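Visitor: I have the sequence and the model open, and I would like to start with the inside. Please take me through the parts one at a time.

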Amino acid sequence: MRCLILLIFSLYFFTPAHTQPSLSYYLPEGVNYNPSIPPPQAVIGHEVGEWHISHDRLVNYMYALDRASDRISLEVTGHTHEGRPLLLLTITSPKNHQNIEAIRSQHVQLTDPSKSSSLDIRNMPVVFYMGFSIHGNEASGSNAALLVAYHLAAAQGKEMDDYLNNVVILFDPSFNPDGLHRFSSWVNSRKSKVISADPADMEHNEPWPGGRTNHYWFDLNRDWLVAQQPESQARIATFHKWKPNVLTDHHEMGTNATFFFQPGVPSRVHPLTPAKNQELTRKIGEFHAKALDNIGSFYYTQEGYDDFYYGKGSTFPDVQGAVGILFEQASSRGHAQESINGVLHFAFTIRNQFVTALSTLQAVNSIREELLNYQRDFFKNAVAEATKDPVKAFAFASTDKVRANELARIFIRHQVDVYRPAATISIGGKSFDAESAFIVPLNQPQYRLIKGMIERRTAFQDSLFYDISTWTLPLAFGVEHEELKALPSLGTKITEITHQSGKLVGGASQYAYVFEPFGYYVPRALNRLLQNNIRVKVATEPFFHPSGKRFERGSILVTVADQGKSADQIQFQIREITEKDGIDVYAFNTGLDYKGVSLGSNAFLPLRKPEIALLVGEGVNANDAGELWHLLDDRMRIPVTALPVDVLNRTNINRYNTIIFPNGSYNSISESTKERLKTWVQNGGVIIGFDAALNWLNSAGLGKFEMKKTDQPADKPEKPRAYADIEEYRGAQQSPGAIFETQADLTNPLFYGYTSGRIPVFKDNNLFMENSKNPYGNPMVYTANPLLSGYISKANYAKLKNSSVAGFSASGRGRVIGFTDNLAFRAFWLGTNKIFTNAVFYGHLLNEAATR
């Protein structure tokens with residue numbers, strides 16, 4: 001009864017008519033604070049929770065604490081896409097600060113089985129990494145960070161002294177500065193003096209894409225393992241520099257919920273995570289329960305959330321000898337909002353986050369030696385498991401060196417030992433020289449992480465997943481790879497991946513230059529030429545260099561004559577391609593070819609400069625759109641207009657020759673715009689659609705992408721099911737994300753630059769496209785037994801087999817190209833990026849005889 005009264009009091013006391021709660025509402029009773037340490041209000045200009053903290057003010061306060069406290073050392077670990085600093089505060093006792101590098105160095109040795117046995121942990125500090133609001137619009141975390149930092153800097157007494165002597169705290173007040181700033185600007189600029197708790201109020205309804213994501217609309221809490229974004233790369237560098245024992249990740253969830261802390265659902269823990277990890281998680285959870293009970297807050301645990309995907313902040317530590325803790329607080333999504341539990345006030349959400357940050361600190365201090373022992377044992381056991389594994393090494397390489405290099409970069413970023421082979425090596429039946437291949441020995445401390453990165457898994461204890469069910473990185477990067485039963489002779493150890501320039505083979509030419517289609521940055525090179533108004537052609541048939549070298553379909557021809565530029569100007573651009581795009585370019589001094597096609601053949605088709613509109617806005621999946629934007633803008637440096645759907649209805653689309661429809665609904669596109677799009681396509685425009693956008697293109701009469709029905713009645717009556725199993729059964733019919741094998745026609749321009757027709761594709765939807773009756777109309781299909789890794793229900797698997805992945809419709813001079821799946825998933829699925837960029841550059845060349 002006391003807890004219920006306290007909860008009601010907490011929820012309702014701070015009504016709009018009451019003043020904002022003061023610092024005393026949050027801070028624990030009976031604690032004295034150093035008056036020389038400024039409280040948040042003194043720096044940010046308002047009470048915590050009165051306004052949503054903006055990132056600049058958050059940064060100002062952290063710097064103020066750094067100046068005032070000898071417990072804090074602040075550093076900038078990186079910057080976001082928008083140039084905001086990523087802060088890290090190291091918080092511990094002044095005595096520890098004086099010896100901080102020695103403490104760090106000794107602590108890291110716990111992860112090295114060759115050194116860890118001799119370490120005395122009795123007086124060794126434990127390392128605790130606190131992180132807040134990786135989703136920018138889940139703002140109670142970063143607002144609570146103000147209080148946590150103040151408390152750690154200013155609280156006095158034996159208890160705090162013990163914490164600071166026994167714990168090194170790595171403190172990141174904002175995992176996602178760009179998203180936090182975007183969200184705070186929205187809610188603060190729409191706050192009324194008399195706060196509206198109405199869920200329909202504008203304050204609670206932020207516009208697309210919302211503040212959850214970073215600049216390119218990536219969910220940073222899916223990026224810990226692959227670390228494709230600068231925010232993630234800074235975090236990962238900190239993680240591996242210190243090897244923390246516990247990492248906390250403060251989030252928010254739906255307004256009608258309460259509070260969640262881990263462990264999650266027991267059956268949804270990744271099998272590589274030791275049982276001891278979950279035991280420690282539960283032990284820490286008891287501290288959270290007690291702290292929340294004391295303030296009358298309701299909560300739950302072991303429901304809803306899992307510990308499976310190692311790319312999440314709360315799961316990433318679990319495969320590296322640490323304990324990850326997820327907190328989920330019901331969100332006010334503003335300053336106050338009605339919920340089924342009453343009016344939920346922002347201050348209340350902040351207090352819960354603050355209290356559980358402190359309860360974690362208490363737990364970490366209490367079980368310090370157990371955490372340190374667990375970390376030591378984790379890596380010892382990992383090496384012991386590696387010695388028993390029949391696989392001794394993992395080898396990979398690619399004709400496209402960039403993709404192989406980028407996969408190696410991820411291994412190295414996670415302190416995995418990576419080597420070149422000592423000599424030429426066969427991988428997947430293909431021969432690679434020592435400078436093109438990589439070897440990852442399995443017998444090393446990061447054995448479990450390596451397994452988690454390369455494994456294929458198709459059997460699962462549970463059929464429900466909070467996120468994706470697989471992420472096999474060699475398949476994602478589309479590299480040749482092989483598990484080796486014997487460790488080959490190792491060459492040089494690779495400690496960093498540096499940019500590799502290409503070569504200009506044959507020197508300057510007065511006639512022509514050619515480069516192959518295999519390199520990852522071929523689209524960037526193409527764009528570089530076209531933006532400089534240099535005419536470019538693509539080969540639709542193989543041909544040969546006078547030296548005898550064969551060039552495949554998709555090779556790029558740049559003539560020197562009749563360009564309106566001097567030979568030196570052309571050569572300058574060619575040099576840019578070799579140096580900046582890492583592509584080998586070959587000089588031709590004759591166009592004659594008796595074995596293939598000569599350079600003047602009609603088999604070389606001219607390319608046009610892409611003028612791209614990427615549709616964004618309400619109805620469009622922001623993550624999918626952001627992935628395409630990031631690929632074009634950040635990686636390929638191809639100009640793109642992010643065109644809001646509502647603006648599409650009233651703008652002149654004739655300035656574009658390519659319009660991209662990311663996954664989305666597009667119901668707001670007007671009838672008149674549909675007709676304008678049809679005319680635009682007939683006049684030569686190219687539409688590229690993905691995922692659910694194909695349904696809209698089909699219904700709008702712009703494409704022919706018929707999908708298999710997913711709600712067909714069963715052949716036999718289904719057996720009765722328990723009412724309590726409804727959600728679980730429905731969830732099991734969803735496709736959380738798995739990897740499937742496809743067969744592609746490499747003579748089709750969409751697949752120029754691929755050396756194998758067997759291409760792994762990531763699929764996370766229930767769209768299954770019917771095959772075209774045109775024998776040329778199915779350029780990419782799923783194979784008869786396509787599952788490579790991950791979960792899919794039996795019913796969906798039957799629909800997926802042999803279904804079509806890609807196709808196009810022709811109308812006049814234009815093309816409408818459709819893909820059922822995401823070809824740029826989370827920026828790490830490099831293996832299918834080229835299919836998308838091929839559609840951009842070669843889509844208008846597709847032969848109408850191959851239409852669906």
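Visitor: Which residues of the largest nonpolar core touch the most other members?

Guide: A nonpolar core is a set of buried Ala, Val, Leu, Ile, Met, Phe, Trp, Tyr and Cys residues joined through side-chain atoms within 4.5 Å. Buried means under 20% relative accessible area, exposed means over 50%, and partly exposed lies in between (1.4 Å probe, protein chains only). Of the 166 residues in the largest core, those touching the most other members are Phe396, Phe411, Phe661, Phe819 and Phe836.

Visitor: Which helix gives the most to this core?

Guide: Helices (H or I, at least four residues) and strands (E, at least two) are DSSP runs, numbered from the N terminus. The helix that gives the most to this core supplies seven residues and spans residues 401-413: α15.

Visitor: What pLDDT do local features need in this model?

Guide: Residues are numbered from 1 along each chain as its sequence is written, and side-chain values use heavy atoms, with hydrogens and water left out. The model is predicted, totals for chains, interfaces and linings use all residues, side-chain atom pairs count only at pLDDT 80 or more, and local features need pLDDT of at least 70.

Visitor: Which residues does Phe411 touch, not counting those up to four places away in sequence?

Guide: Contact means heavy atoms within 4.5 Å. With residues up to four places away in sequence left out, Phe411 touches Phe396, Val416, Val418, Val440, Ile450, Met453 and Ile454.

Visitor: What is the strand order in the open sheet of seven strands?

Guide: Two strands pair if DSSP finds at least two bridges between them. Pairing in this open sheet is mixed, and the order is β2-β3-β6-β4-β7-β9-β8.

Visitor: Which strands stand at the edges?

Guide: An edge strand of this sheet has a single partner strand, so one side of it is left without a neighbour in the sheet. The edge strands are β2 (72-79) and β8 (259-261).

Visitor: How many residues of β9 are buried?

Guide: In a regular strand the side chains alternate between the two faces of the sheet. From β9 (323-330), Val323, Ile325, Phe327 and Gln329 point one way, while Gly324, Leu326, Glu328 and Ala330 point the other way. The strand is largely enclosed by the rest of the structure, because its buried residues number eight of the eight.

Visitor: In β9, which residue is the bridge partner of Asp249?

Guide: Eight bridges join β7 to β9, and the two strands run parallel. Asp249 also has Gly131 as a bridge partner, where five bridges join β4 (residues 126-132) to β7 (residues 246-253). In β9, the bridge partner of Asp249 is Leu326.

Visitor: At about what angle does helix α13 run to β7?

Guide: Axes are lines fitted to C-alpha atoms, for helices over the stretch in contact, and angles run from 0 to 180 degrees between N-to-C directions. Helix α13 (residues 346-366) lies across β4, β6, β7, β8 and β9, and its angle to β7 is about 165°.

Visitor: How far apart are the closest N and O atoms of Arg104 and Glu101?

Guide: A salt bridge is a side-chain nitrogen of Lys or Arg within 4 Å of a carboxyl oxygen of Asp or Glu. Arg104 and Glu101 are three residues apart in helix α6 (residues 100-108), so about one helical turn separates them. Arg104 is buried at 17% relative accessibility, whereas Glu101 is partly exposed at 44%. In their salt bridge the closest N and O atoms are apart by 2.6 Å.

Visitor: Which residue forms a salt bridge with Lys430?

Guide: The closest N and O atoms of this pair are 3.2 Å apart. Lys430 lies in strand β15 (residues 430-432) and its partner in strand β17 (residues 480-484), so the pair ties together parts 50 residues apart in sequence. Lys430 is partly exposed at 28% relative accessible area. Its partner is Glu480.

Visitor: How many residues of helix α18 are buried?

Guide: The buried residues of α18 pack against β20 (512-515), β24 (556-559), α19 (567-580), α20 (622-635) and α26 (833-842). Among them are Val522, Leu526 and Leu530. Helix α18 (residues 522-531) is mostly covered, with buried residues numbering nine of its ten.
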